[in-house]
Amino acid sequence: IFVLIFIGIVADEDEDEDGVLDFVDEMPFDPARSSYGETVEAEPNDLPNDANGTGNTAPHRFSGEITTVADIDRFTVAVQSGQTLTAIVDAAGNPAARPALQFAAPTGEPLLPLPIEASTTTPQSQSISFRAPEDGQLQIAVSTPGEAVPFAYEVQVFFDGDLDRVDDDRE
């Protein structure tokens, strides 16, 4: 018996045949989606109870602006037990920006990230990963320890079971 299995190859310009070329398709293997969901920061969102985006699921993109050293922007994403998420914050538009990223419980209590190699991050970019111990909501907090404010940022949150900082849906 001869069995032929098709797998993705680089020569396929549109792997999922959704009409969006893979090099710009954030979900190249999902014909129903070609981009992450998005949430733009809405103030107030400094306190855990005011976090933006309750009910969002990964992969997702959050964006906003840190306006003062005391500013903390909080967003939520729904998780299931055992899922490994990576969040990457990028503030490349301001070379002096120093964004800080933290996973937190819905109460705002900081959660320890998984150890990952951080050698490719820059002062304007940081990545962290976390494995959800249970189903529920997870908060992502963006802040700054520095004084280079204001600065705009974008956070991408995605599934990353192998901790390589590449969305599992893009591998």
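Is F62 buried or exposed? Here are my notes, starting with that one.

1. F62 counts as buried, because its relative accessibility is 0%. (Buried means under 20% relative accessible area, exposed over 50%, and partly exposed in between, using a 1.4 Å probe and protein chains only.) Keep in mind that this is a predicted model, where local features need pLDDT of at least 70, side-chain atom pairs count only at pLDDT 80 or more, and totals for chains, interfaces and linings use all residues. Residues are numbered from 1 along each chain as its sequence is written, and side-chain values use heavy atoms, with hydrogens and water left out.

2. Next, the aromatic rings. Searching the whole structure turns up two aromatic pairs. F62 and F75 form a tilted pair, because their ring centres are 4.7 Å apart and their planes sit at 35°. (Rings of Phe, Tyr and Trp, the last by its six-membered ring, pair if their centres lie within 6.5 Å; planes under 30 degrees apart count as stacked, over 60 as edge-to-face, and the rest as tilted.) This pair links distant parts of the chain, with F62 in strand β2 and F75 in strand β3 (residues 73-79), 13 residues apart. F75 is buried as well, with a relative accessible area of 0%.

3. F103 and F130 make a tilted pair too: the centres are 5.7 Å apart and the planes are at 35°. Here F103 belongs to strand β5 (residues 100-104) and F130 to strand β6 (residues 125-131), 27 residues apart. F103 is buried at a relative accessible area of 1%, and F130 is buried at 10%.

4. Now the strands. (Helices, H or I with at least four residues, and strands, E with at least two, are DSSP runs numbered from the N terminus; two strands pair if DSSP finds at least two bridges between them.) Strand β2 (residues 60-66) runs antiparallel to strand β8 (residues 151-159), and seven bridges join them. One detail to look up: E65 has A152 as its bridge partner in β8.

5. β8 also pairs with strand β4 (residues 84-90), again antiparallel, through six bridges. There, L85 has F159 as its bridge partner in β8.

6. (Lys and Arg count as positive, Asp and Glu as negative; His and the chain ends are not counted.) Leaving out residues up to four places away in sequence, D160 touches T84, T86, S129, R165, V166 and D168, where contact means heavy atoms within 4.5 Å.
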